[in-house]
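Here's a quick briefing on one protein model. Have a look at the sequence and the fold, then read on for the details.

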Amino acid sequence: MPKQSAKGAAAVAMYRRNPGMTAAAISRALTLSPGVVRQYLRDAGCSPALRWTQRGISKDGVLRLHAEGHGSAAIAAIMGCPESSIRAVLRRAGVPPKVVHPPPLTEEQAREARRLRREGWSIRRIAQRLGRGHTAIRTALRRWRVPRIPRQWLTPADKARVLDLANSGHTIAAIMAGTGRSEQAVRRVLRRAGIQRGRPRLDRSRIVALLTAGCRIGAIVAETGCAPGSVYRISLQEGVGTAGVALRAEELLLAGRSIADIALLLEEDEAKVRRLLKARTNHRHWRDESGRGSARAP
C-alpha cells in the first residue's frame with residue numbers, strides 16, 4: 001500500500017473512532033498538513049455532520065431556531081455548544097451572517113466625546129474611555145461637526161523632553177501628561193530612539209529552545225519578559241515543553257496508541273507520559289466543573 005494511502009486510511013480511522021477530533025488534531029498526530037487530512041476525510045465521505053451529531057447539535061434544530069429570530073449566541077446557549085459550531089452549521093447551510101450594528105452614542109456619551117475631543121484627545125483614547133468603537137465616535141463627532149485637531153509636530157525641545165522623561169523611568173501615560181502630546185507621538189519618538197516600552201516582542205525561536213531544554217514556563221517568563229499565555233501557546237503549537245508533550249500524548253492516546261508506544265514516539269519516560277495525561281484529565285474535569293473554557297482543548 002502506498003505511503004499516502006496508508007496515512008489516509010489512518011486519518012479516516014482516527015476520525016471515525018472519535019468524530020469530535022478536528023483535522024488539526026489528526027494532522028499533528030500523523031505529522032500531516034491539515035489540508036491533506038481534510039482532503040482524506042472528504043474523499044472518504046466523512047461529513048462535519050458526524051461531529052455535530054457527536055456534540056449534540058441538530059442542523060434542523062439550528063435552522064429552526066435561526067428562523068425564529070434567535071442569534072448564534074442564543075442558539076449556542078440553548079444547545080449547550082460553542083457558538084463557533086453554530087456559525088459553522090449556518091455557514092454550510094448557506095445562511096448569510098447577520099450584520100449587527102451597535103446603537104449610536106447617547107446624548108451624554110456624545111457630549112463627553114465632544115468635550116474630550118476639544119481637549120485634544122485622540123479618537124482611540126475617546127473610544128477606550130467610553131467603551132465604544134472608533135466608527136461610533138467618528139460618526140458622533142462628524143454629526144456635530146467638531147473640527148479636527150491639526151497634527152502638532154514635535155519640536156526638538158519636545159523630543160528631548162520626551163526622551164528625558166523616558167530615561168528617568170516614566171511611563172507612557174506620565175510622559176503624555178508631562179508633555180501634553182498624544183500617545184502615538186510619544187511612542188513614535190521612543191521607537192525612533194530605540195527605547196522600548198511595554199512587553200517585548202516574542203522571540204519564538206528562543207522560547208522554543210528554552211522549552212526544549214526543559215525550562216518551566218515561569219522561568220521562561222522571567223527570562224524573556226513575555227506573557228505566560230504566550231509561552232503556553234507556543235508550547236502547544238510547537239509540541240515542545242510540558243504542555244506540548246501532554247497534548248501530543250493525548251492525541252496519540254485517542255488514536256489508539258498504547259502508553260509504551262507514546263513514550264517511544266515522544267522519547268519520554270512512561271511515568272512522565274502517564275503523569276502528563278493525568279494532569280490534562282484533571283484540568284479538563286476542573287474546567288468542566290467550574291464552567292470555564294469551551295469545547296476545544298486548553
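R111 is partly exposed, with 44% relative accessible area (partly exposed sits between buried, under 20%, and exposed, over 50%, using a 1.4 Å probe and protein chains only). Its side chain meets that of E107 in a salt bridge, 3.6 Å from N to O (a side-chain nitrogen of Lys or Arg within 4 Å of a carboxyl oxygen of Asp or Glu). Keep in mind that this is a predicted model: local features need pLDDT of at least 70, side-chain atom pairs count only at pLDDT 80 or more, and totals for chains, interfaces and linings use all residues. Residues are numbered from 1 along each chain as its sequence is written, and side-chain values use heavy atoms, leaving out hydrogens and water.

**The protein overall**

- The secondary structure comes to 19 helices and zero strands (DSSP runs numbered from the N terminus, with H or I and at least four residues for helices, E and at least two for strands).
- Of the 298 residues in the protein, 34% are buried.
- Take the contacts (heavy atoms within 4.5 Å) between residues at least 6 apart in sequence: 51% of them join residues at least 24 apart.
- The protein exposes about 18,900 Å², and carbon and sulfur atoms supply 52% of that (areas come from the Shrake-Rupley method with a 1.4 Å probe, and for residues only the protein chains shown count as cover).

**Salt bridges around helix α8**

- The structure holds seven salt bridges, and the pair E107 and R111 is one of them.
- Both of those residues lie in helix α8, which spans residues 107-118, and they are four residues apart, or about one turn of the helix.
- E107 is partly exposed, at 44% relative accessibility.
- R114 also forms a salt bridge with E107, with 3.9 Å between the closest N and O atoms.
- Is R114 buried or exposed? R114 is buried, at a relative accessible area of 12%.
- R115 pairs with E112 in another salt bridge, where the closest N and O atoms are 2.5 Å apart.
- R115 and E112 are three residues apart in helix α8, so about one helical turn separates them.
- Both partners count as partly exposed: R115 has 36% relative accessibility, and E112 has 22%.
- Which residues belong to the network that includes E112 and R115? Salt bridges with shared partners join E112, R115, E119 and R129 into one network.

- P104 lies in the loop between α7 (83-92) and α8.
- With 56% relative accessibility, P104 counts as exposed.
- Along the chain, P104 and T139 are 35 residues apart, and 8.5 Å separates their C-alpha atoms.

**The two sides of helix α6**

- In helix α6, residues 72-79, the buried residues include S72, I75 and A76.
- They cover an arc of only 100° around the axis, so they sit on the same side of α6 (the arc is that of the directions from the helix axis to the C-beta atoms).
- On the other side of α6, A77 and I78 are exposed.
- What covers the buried residues of α6? Among the elements that do so are α5 (59-67) and α7.
- After α6 comes G80, with a positive phi near 70°.
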